[in-house]
Amino acid sequence: MIQPRVHDPDLLQEISTDIRRSVITSLSLAGSGHLGGSLGIADIFTCLYFSVMNHDPADPSWPDRDRLILSIGHVAPVLYSTLAHAGYFPEEELNTLRKLGSRLQGHPGREHGLPGLELSAGSLGQGLSVSVGRALAGKMDARPWRVYCILGDGELQEGSVWEAAMAAAHLNLGNLTAIVDRNGVQIDGKTEKVMALEPLKEKWKAFGWEVVECDGNNHHDVLSSIQLAQHDPEKPGIILAYTKMGKGIRSIEGDYSWHGKAPSKEEARQFLCELEEGER
Amino acid sequence: MSIQYVNLGDKPTRTGFGEGLLASGFRHPEVIALGADITTSVGVNLFAEQLPGQFISLGIAEQNCVGVAAGLALEGKIPVFATYGVFAALRTTDQIRVSVCYNNLHVVIGGAHAGLSVGPDGATHQALEDLAIMRVLPNMTVLSPCDATQTKIATIQAIHHVQGPVYIRFGRAAMPDFTSKHQTFEVGKAQLLHPGNDCAIIATGHLVWEALQAAYLLKDEGIHARVINMHTIKPVDREMIIRAARETGIIVTAEEHQVTGGLGSAVAEVVACEYPVPLKFVGMPDRFGESGEPRELMEKYGLTHRGIIQAVKSILSGI
């Protein structure tokens with residue numbers, strides 16, 4: 001059955017909290033992985049999988065599904081948690097994250113057979129090119145589905161992203177929507193200090209994209225920006241989604257030291273409490 | 001049975017690639033060729049002109065080309081991306097490794113101007129490392145056909161009969177075209193071109209013709225050299241290599257590629273484990289090429305029948 005669309009803001013919030021809870025728990029059990037980005041982008045994943053995309057968890061390869069390409073493979077925990085909550089596989093399997101023999105690899109790997117994965121990825125700078133290829137195929141065959149590509153902001157420092165950006169506009173891929181997780185930080189610190197990206201909006205505009213900015217931790221804002229980004233059928237759209245790394249856990253929000261860390265059991269307990277408090 | 005192979009006229013292997021691609025494209029609309037600006041020099045221009053709906057120009061952006069190819073393959077297309085081997089295999093190695101090979105997608109990558117055949121352009125454009133790098137990637141099939149006729153057949157096979165990623169290498173310069181268009185060509189099965197039990201010459205690409213010439217000259221001296229065309233570098237034909245080692249006791253490999261990592265290494269890995277015999281490698285001795293006519297460069301670096309004969313004799317005389 002095609003995933004029903006959720007419009008109720010409270011329900012979306014509840015789903016995001018569920019996803020964040022799974023992210024914290026699974027990373028804590030894994031003992032390594034990327035917590036900050038996974039939490040920051042949870043609201044965008046909620047919107048895509050529960051309100052925007054046409055997909056069917058019971059039939060992961062349904063030909064007319066919308067495709068989600070996760071270019072930043074390191075936030076795999078949020079993808080896995082979202083897929084589990086959408087019903088692609090049992091939530092208990094999240095506890096196997098990063099363990100030997102698991103279908104939940106540290107970075108997504110399709111050969112391990114996890115349903116719902118559209119691409120094995122993790123080496124930054126590649127997902128947008130693959131998204132261009134898929135969108136191009138869809139356009140050539142006049143298919144109704146769309147391609148969504150999740151990019152990191154630090155990832156935009158990879159030159160190959162801009163090769164793909166040029167190609168998407170050149171090929172008039174209106175069926176492609178990219179979302180940049182603009183949390184402003186990367187492993188070494190603030191993006192603008194490590195390698196300045198701004199003016200990002202103008203750059204994407206100059207590359208021929210429809211550019212929309214939004215608060216990436218606000219469901220309503222994310223949903224309306226996706227619509228705005230898709231209004232021109234001949235133009236690829238990109239959403240610069242301003243998010244907070246570690247969103248939902250007040251004590252670590254915006255702290256880039258949580259980019260590539262997993263919480264200890266003690267920290268996980270504390271974060272789960274903070275998450276519940278934030279809910280209330 | 002010994003066939004004397006005859007040169008039916010010099011022809012660049014890239015022409016064979018272009019012909020094979022065009023033939024496939026006409027019959028199969030899912031075959032999509034990607035262009036990285038140099039379509040004419042890699043033999044894709046005819047395809048682009050005659051099948052414009054199946055040709056996508058992506059400019060001088062090879063990394064993106066490989067990713068786009070992966071995306072097309074995920075949607076059931078058969079993307080074929082060709083550019084100079086140095087760019088096709090080396091500039092894009094990470095994209096090929098992750099987006100194509102780790103996803104195990106049927107993407108056909110053509111490495112043009114392989115070896116020294118791009119001559120005067122010099123070292124930057126001479127692909128002498130591509131076989132080594134493509135060979136080490138899991139899921140990858142690596143083809144290195146020996147002449148234009150075989151390249152056409154190999155291209156069609158690569159497009160329609162290989163599962164997963166495939167790299168096919170071909171050259172720029174016009175070289176002897178000597179195999180039959182009715183030949184039996186099977187990916188992973190080497191061709192025994194010339195019988196002999198005194199030594200075995202296992203060659204690939206343009207060096208196969210040189211290996212044959214070496215065998216004919218050695219025969220005049222009473223040395224019967226077996227010549228094997230190893231057109232598939234991966235999966236390498238282990239059985240053919242083991243048989244050659246067992247029946248001849250001496251193996252010389254010949255390739256237009258660095259001696260490290262390519263055909264020689266592939267053969268040595270099998271021989272060392274299965275049936276150790278003396279080996280010599282004819283190839284580039286771990287150095288960059290330079291400008292010069294292809295023929296001059298082949299002579300300079302010993303990538304000729306003379307170089308092969310010398311290698312055979314040095315083993316026979318125990319040097």
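The report below goes from the two chains to their contact, and then to a few single residues.

This is a predicted model, in which local features need pLDDT of at least 70, side-chain atom pairs count only at pLDDT 80 or more, and totals for chains, interfaces and linings use all residues. Residues are numbered from 1 along each chain as its sequence is written, while chains are lettered from A and ligands numbered from 1 in the order in which they are written.

**The two chains**

Let us begin with the overall build. Helices (H or I, at least four residues) and strands (E, at least two) are DSSP runs, numbered from the N terminus. In chain A there are 10 helices and seven strands, and in chain B there are 12 helices and 14 strands.

The table sets out some values for each chain. Its "buried" column counts residues with 20 or more other C-beta atoms within 10 Å of their own; a residue is exposed with 12 or fewer and partly exposed in between, with C-beta atoms placed from the backbone.

| Chain | Box along the principal axes (C-alpha atoms) | Buried residues |
|---|---|---|
| Chain A | roughly 50 × 45 × 35 Å | 55% of 280 residues |
| Chain B | roughly 60 × 40 × 35 Å | 61% of 319 residues |

The radius of gyration is taken over C-alpha atoms, and the globule rule is 2.2 Å times the number of residues to the power 0.38. For the 280 residues of chain A, a compact globule would have a radius near 19 Å, and the 17 Å of chain A agrees with that. For the 319 residues of chain B, the rule gives a value near 20 Å, and chain B agrees with 19 Å.

Contacts tell us about the fold as well. Two residues are in contact if their C-beta atoms, placed from the backbone, lie within 7 Å. Taking contacts in chain A between residues at least 6 apart in sequence, 74% join residues at least 24 apart. For chain B, 79% of the contacts between residues at least 6 apart in sequence join residues at least 24 apart.

**Where the chains touch**

How many residues of chain B are in contact with chain A? There are 21 of them, and they meet 22 residues of chain A. On the chain B side, the elements that give two or more residues are helix H3 (62–74) and helix H5 (93–102). H3(B) provides the largest share of that side, nine residues. By class, the chain B side divides into 10 nonpolar, eight polar and three charged residues. Here Ala, Val, Leu, Ile, Met, Phe, Trp, Tyr, Cys and Pro count as nonpolar, Asp, Glu, Lys and Arg as charged, and the others, Gly among them, as polar.

**A pair of helices in chain B**

Next, find helix H9 (residues 238–248) and helix H10 (residues 263–274) of chain B, whose axes come within 10 Å and cross at roughly 60 degrees. The axes are lines fitted to C-alpha atoms, for helices over the stretch in contact, and angles run from 0 to 180 degrees between N-to-C directions. H9(B) and H10(B) are therefore oblique to each other; angles under 35 degrees count as roughly parallel, over 145 as roughly antiparallel, 65 to 115 as roughly perpendicular and the rest as oblique. In their contact, Arg238(B), Ile241(B), Ile242(B) and Ala245(B) of H9(B) meet Val267(B), Val270(B), Val271(B) and Glu274(B) of H10(B). This contact of H9(B) with H10(B) has six nonpolar, no polar and two charged residues.

In chain A, Ser22(A) sits in helix H1 (residues 9–30). Is Ser22(A) buried or exposed? Ser22(A) is buried, because 23 other C-beta atoms lie within 10 Å. Leaving aside residues up to four places away in sequence, Ser22(A) touches Ser81(A), Ala84(A), Glu91(A) and Leu94(A). Ser22(A) and Ala84(A) are 62 residues apart in sequence, yet 9.3 Å apart in space, C-alpha to C-alpha.

Most residues other than glycine have a negative phi, and most peptide bonds are trans. A cis peptide bond joins Glu198(A) and Pro199(A), with omega about 0 degrees, and Pro199(A) is in the loop between helix H7 (191–194) and helix H8 (200–206) of chain A. Lys234(B) and Pro235(B) are also joined by a cis peptide bond, with omega about 0 degrees.

His113(B) has a positive phi, near 55 degrees, and is buried, with 28 other C-beta atoms within 10 Å. Asn139(B) has a positive phi near 75 degrees, and is partly exposed, with 16 other C-beta atoms within 10 Å.
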